[in-house]
Amino acid sequence: MQPRIPRQSTTECDGANRVDNDARLTPELAAVVAGARRRALRDGDRQIDTAHLLHSLLESDPEVRAVFEGGDPQVARLLGYLVQRSIGYGLRWQSSVEDSGALPVLPGAAGVEGWSPVAAGALEEACERAGRRGDARARGVDLLAAIVGDPQSRAVEVLGRGGVDVGELPARLRQIEQRQVGLMAAGWEECAGDADGGG
């Protein structure tokens, strides 16, 4: 008797573990990635795509949810569309690979089995974005910024269906990033002041 769910190859498992255990991701973002992988397997999808990543981000990352001006109602509407990916446009997705060519696919993630080229490229871009900011690890908002950087991605299609103005998201993400950098700078100044006072 054949098993109902095909077993993953060793290469696929190793690739998934490489991403889930990537030291360049915060523990929270690593959990998001693991959640996206579980959802793709559960839904029987060929690959982890940007819609899986968006779904996991919206479910588990408060900082990402705060980016959306529509608040909880808008996030709930987006999650509703994502839950229904097994029908309608989701069926169309199952027969194709998410690869718009808009994001560069970098070698580190592109070789991971079971990832769409767009999703793999977005994860790499998220890590590079964090590095440019001076952070050692990427956060959920870094991944969201990378995802919306590709207007042809499946996640952007879902955002559009949910009434999100994707063109405004980069500006809101920049505001969050600037606020974070300001808080980090204030923290360093406070530490420096404490050190001087202790001397």
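A polar contact is a pair of N or O atoms within 3.5 Å; within protein, one must be able to donate a hydrogen and the other to accept it, and residues adjacent in sequence count only if both atoms are side-chain atoms. In this structure, the side chain of R133 makes such a contact with the side chain of D142, at 2.6 Å. The model is predicted, so local features need pLDDT of at least 70 and side-chain atom pairs pLDDT 80 or more, while totals for chains, interfaces and linings use all residues. Residues are numbered from 1 along each chain as its sequence is written, and side-chain values use heavy atoms, leaving out hydrogens and water.

**Residue R133**
- R133 lies in helix α8, residues 117–133 (helices are DSSP runs of H or I, at least four residues, numbered from the N terminus).
- With 14% relative accessibility, R133 counts as buried (under 20% relative accessible area, using a 1.4 Å probe and protein chains only).
- The side chains of R133 and D135 are also joined by a polar contact, of 2.8 Å.

**Helix α2**
- Among the buried residues of α2 are L29, V32, R37 and R39.
- Just after α2, G44 has a positive phi of about 75°.

**Helices α3 and α10**
- Helix α3 (residues 50–60) packs against helix α10 (residues 154–161) at an angle of about 55°, and their axes are 6 Å apart (axes are lines fitted to C-alpha atoms over the stretch in contact, and angles run from 0 to 180 degrees between N-to-C directions).
- The two helices, α3 and α10, are therefore oblique to each other (angles under 35 degrees count as roughly parallel, over 145 as roughly antiparallel, 65 to 115 as roughly perpendicular and the rest as oblique).
- T50, A51 and L54 of α3 meet R154, A155, V158 and L159 of α10 (contact means heavy atoms within 4.5 Å).

How values were computed:
Buried means under 20% relative accessible area, exposed over 50%, partly exposed in between (1.4 Å probe, protein chains only).
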